[in-house]
Amino acid sequence: QKLIKIAIIGVPNSGKSTLINNIINHRICPTSSKVHTTRTASKAITNKKGSQIIFFDTPGLVTQQEMKKHHLETSFTSASRHSIQHANMIGVVHDVSNHWTRDQLPRTVLDTLESYSHVPSFLVLNKIDVLRSKRILLELVDTLTMNAIEGNVRKGVKDPQDTSDHQRGWQNFSRVFMVSALTGDGLPDVLNFLVTRAKISPWEFDEGTHTDQPNETLIEDTVRARLLDFMPQEIPYTLHTQLEYLKEVRGTLYASVQITCPSARIEKLVCGQADGKLRQITERVSSDLVETFRMPVSITITTTCRKKE
């Protein structure tokens with residue numbers, strides 16, 4: 001038996017959770033189109049060719065200002081550090097679809113790589129389905145690796161003049177992958193690479209286990225992620241989600257979740273006209289959970305409000 005543990009890091013919304021779900025081919029990590037969907041570190045597990053591969057899905061790396069803006073718990077920043085300390089490798093996910101930020105690794109990512117420079121790392125350029133130009137992709141690889149792999153400058157390339165006040169990349173990546181986490185393009189290469197890096201060690205999880213998270217957490221996180229998609233601006237960050245009932249009966253999972261809203265006005269927005277929006281949210285959550293648990297799911301979502309107006 002072999003084992004490898006990988007901490008997946010990157011800024012919010014770079015596609016870390018989608019990448020993990022599609023590599024392990026199982027919907028374990030909640031995903032949405034908004035930032036801060038992942039708020040705590042969780043493990044996703046897959047087994048291939050006698051190797052157990054454990055991914056740590058970590059919250060996006062954020063600055064102190066972002067922490068204040070989104071009312072993020074201090075555990076938010078420590079989760080990534082904690083995961084890296086238990087990992088054999090770091091995978092950096094970088095969004096190449098963003099024209100403004102793609103040509104340099106974020107400062108939060110570089111600081112993390114510098115703090116843990118003894119841990120081997122690899123770079124995943126994500127969302128290549130949005131970027132049509134191969135030339136730009138190849139230029140990005142040169143910039144973000146500073147023309148080097150594992151600290152060795154590539155032959156025929158000048159040693160990059162690093163002006164330390166404006167470092168754009170990291171010279172010590174072991175490998176660079178170009179993928180689309182959404183379409184699955186390039187993901188088998190990442191998985192095969194990780195299998196080759198696994199070391200002889202007993203497995204930490206049983207054969208059929210895909211996550212270290214209890215079912216209750218998976219359900220609450222899935223509801224939270226869909227609220228992020230359906231509700232505008234900052235509203236979803238003010239809602240509290242709680243599982244009230246969970247039982248498996250004859251191969252069907254029955255669950256009931258309550259959403260607590262800060263005011264009656266926001267409760268109306270969540271429910272929508274004639275409860276239409278709440279029905280849409282429930283349908284999406286239900287189909288997500290069928291993918292997660294791979295069994296029929298019947299879920300009821302209700303709302304309540306903290307203070308009656």
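These legends walk through several close-up views of the predicted model shown above. Residues are numbered from 1 along each chain as its sequence is written, and side-chain values use heavy atoms, with hydrogens and water left out. Because the model is predicted, local features need pLDDT of at least 70 and side-chain atom pairs count only at pLDDT 80 or more, while totals for chains, interfaces and linings use all residues.

View 1. Helix α5 covers residues 134–145; helices (H or I, at least four residues) and strands (E, at least two) are DSSP runs, numbered from the N terminus. At 1.5 Å a residue, its 12 residues should span 16 Å, and the end C-alpha atoms are 17 Å apart, which agrees; the expected span is 1.5 Å times one less than the number of residues. Just after α5 comes M146, with a positive phi of about 50°.

View 2. Buried means under 20% relative accessible area, exposed over 50%, and partly exposed in between (1.4 Å probe, protein chains only).

**View 3. Helix α4 and its neighbours.** In α4 (residues 107–115), the buried residues are T108, V109, L110, T112 and L113. Their packing partners are β1 (2–9), α3 (75–85), β4, β5 and β8.

**View 4. Loop residues to look out for.** Most residues other than glycine have a negative phi. H36, though not a glycine, has a positive phi of about 60°. H36 sits in the loop between α1 (16–24) and β2 (42–48), and is buried at a relative accessible area of 5%. M146, in the loop between α5 and β6, counts as buried at 11% relative accessibility. H26 lies in the loop between α1 and β2, and is buried at 7%. Leaving aside neighbours within four places in sequence, H26 is in contact with N21, H210, E291, T292 and R294.

View 5. The largest pocket has a volume of about 620 Å³. Its lining has 33 residues, of which G15, S17, T18, T31 and S32 lie nearest its centre, and α1 gives the most to that lining, with five residues. The largest cavity, of about 40 Å³, is lined by R27, I28, C29, P30, L218, T222 and T292. On a 1 Å grid over the protein atoms alone, a cavity is a set of points where a 1.4 Å probe fits but cannot get out, and a pocket is an open set with protein on both sides within 12 Å along at least five of seven lines; lining residues have an atom within 4 Å of a point. Grid points are joined across faces, edges and corners, and a volume is the space filled by probe spheres set on the points.

Notes
Contact = heavy atoms within 4.5 Å.
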